[in-house]
Every structure is written in structure tokens, then in C-alpha cells.
Amino acid sequence: TRPIGARQKFDAGGKYIFRRNHARNMMNYIGVGDDYTDFVHDTQVAAVYGDYRLTFGRFTLRGGLRYEYSHMSGCYRSGDTPAFGTDLNDWVPNAAVSYSVNDANSLKISFSRRINRPGISYLSPAVEESPTSVSTGNPGLKSARYNEFNFNYGLTASKVNVDFTAGYSFTDDGIIAVQQAAGNVLYSTYANAGRNKRFNLSLYCQWSITGKTQWMLNGAAYYDDYANPEAVPGITLKNHGWSANFYTKLTQRLPWKLRFSASLSYWSGRVNGVYSDWRCVGAGAWDHTLWLERSFLKDDRLTVSLLARNPFGPYSWDYVSHSINNSMIGEMVTHNRYNCSFSVKASYRFGSLNASVKKTSRSISNDDLVGGKSTK
């Protein structure tokens, strides 16, 4: 990290990761036979990055670039499948413009990219068979690149904190499953064929209504659009829809050191990709909790809480999962009969913390492998 005068700062760094994994797996299919694998794979990631910031007046400009080289290789010790591997080269830029309207209000516009690397199982050319399915990986997979644009507004006042974000992200090379049905057998592999778009709104608000009353809201809404043009020759599978969730909580301090809290949450379900979606049914999308707590002993070391979850119902909930794949259509309904509970909790704090420690970390995230995980 290098300051350049009073208004500029430059950060640079690098990282190298080496992983080795060894796995043995035995699958027994009754009446068909056994499937045994002995597999070793290595992952190497080398990354360098630079980040530049410039501040003038109430504006702050920031731009950065990261380069990552990845090498992944795998070997089945049985010799049934040839060794395989891939080399990936990824450039990951980011940029942002921030403006401080005043000491309490701020605006920010930003662009960033995140990447998903294919996990070793997604790359493996080995064929796994069962009586009803055949699956294999794709050694030709590349990293998926997700581009994100965000607008953010922040308010930091003595009694109110607000953070609002509107964003849009997209990818044209998402790593997705490609499935085709032939008779009673489902054939699966992976491809950089995902066309995903997402528009999202999120809001966080915390308000100290009085010295003894606080209210918090955290919510988001999403519109997802998924497409897979390689699922079936000449046909593009699509799936899209809105989803939303929120959580709100009211806390009130009472006499005798009592604290009462009530929370309410909502989850609509979501579009889960080009092949499926989950949806809550009726009142099952809602959840509420009431709790009363008090602290005891010196320095409030002992805290006892009484909790009631969904005391006013619903006492059961359902959600439905739909899946569509060529001529195969599936529906799964999950029913939970025990959506209400009462509990008593106690916690005791040992020792004391009289000083706060501030730690500044500049690092490249290690959660770089996929299926499904991402790194920023």
C-alpha cells in the first residue's frame, strides 16, 4: 500500500494457492454391480492485482484490475480414464465513483466482475452411470464471468441508518447443467451456456425511535432471467420470475432490565435456474417470532431468553418445487407440520473485553471453486 500525496493511494499484491485432494469412492447398485473410483486432483491459482484511488473534494474515484492464472488437473489411479486438466486465464476489473453529498448522505456508482471457475468434478471426462442416469463432466469448460453494475445510496444520521442498492448483473457464459432425456435415462453434462440476468433492489434501515425503542428492516427483491440455448438443438429453454424476502424486528426496553422483541419475515421462494423454481404456498411464506429476555449477575454475564416462534400460526407450511426438462415435468411438494415452537435459552459470558482491535485485511478470497461458489 502506497499513499501518493494527500489525495492518492495505490495498492498492489499477489497470491499463490496450491491444493491437493485425494478421494476414494464406492457406489453399490443392488442387482447391477459396484462402482469404485480412486481420484487425485491438484489446483493451482496465481493472482496479482493493482488498485488506485483518487480523492478530490467530495468525490472519490477508484479503479482496479486483477489477473488470475489457474491450473487444474486430475487423475484416476485405476487407469480407466485418461488424466485431464485445464488452464484458465482471467482478468477481473472493478471501478467506482463515490460522492459525499454531506456528512450524512453519500452516493456511489460501481462496476465489478466476479468469476466462477469450474470445479474438478465439472471438468472430469469420467462417465458415471446408474440404471436411470448417465453423467459426465466437460474438460473444455472455462471460467464464467459475472458483470455487476450497482447504484448505492447511504444515510448515516444520529438516529437513522439507511442503505439502498439497485443493481443489474449478467453473464453470457455461466456454467450450467445440460440435461437431455432419452427413454427412461437422463443424460447430464456441463457447458458455458448459461445466459443469466438479474435485476435487484435491496434496502437496510435501522431507526432508533426513542432511547428505548429500535426498529430494523432488511429486504430485497429480485427479477431473474435464465436461458439455456444449448439444452435442446433448435430450442432455447427459459425460466424467469420475481422473488422477494424481508426481515423486520422491533425491540423495546422495559422496566426491570427486560427486553422485548418481535420479528416478522417473508420469503417468496425463487427461480432456481433454467430447469426449476421453488415457491412457497400461501401463509407458509411468513414467519414471526416473539421473545423476552433479561440479563443477570455482574456485568450482565448471564442472559435468559423466552422465545415463541409462530405462536399465532401458520402451524405448518408448504413449498412447491417445479422442474422442467424436455418432455419430463416434475413437481415436488414439501410439507412441514411443525412450524411452531417454544423455547428457553440461557447464555453466560466468560472473561471481559475492554479494548477493541481493528484489523485491516487486504486479501484475495480463497472461495474460488465452483459448483456454484464465486470469488470477488
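Predicted model: local features only at pLDDT ≥ 70, side-chain atom pairs only at ≥ 80, totals over all residues.
Local features here need pLDDT of at least 70 and side-chain atom pairs count only at pLDDT 80 or more, while totals for chains, interfaces and linings use all residues. Residues are numbered from 1 along each chain as its sequence is written, and side-chain values use heavy atoms, with hydrogens and water left out.

Select Phe84, Ile120 and Leu123, which touch the most other members of the largest nonpolar core, a set of 13 residues. Such a core joins buried Ala, Val, Leu, Ile, Met, Phe, Trp, Tyr and Cys residues through side-chain atoms within 4.5 Å, where buried means under 20% relative accessible area, exposed over 50%, and partly exposed in between (1.4 Å probe, protein chains only).

Next, show Ile120 with its contacts (heavy atoms within 4.5 Å); beyond its neighbours within four places in sequence, these are Phe39, His41, Met72, Ser73, Gly74 and Phe84.

Move on to Arg53 and Asp11, which form a salt bridge with the closest N and O atoms 2.5 Å apart, the term requiring a side-chain nitrogen of Lys or Arg within 4 Å of a carboxyl oxygen of Asp or Glu. Asp11 counts as buried, at 6% relative accessibility.

Finally, select Asp287 and Arg309, a salt bridge whose closest N and O atoms are 2.8 Å apart. Asp287 is buried at 16% relative accessibility, whereas Arg309 is partly exposed at 30%.
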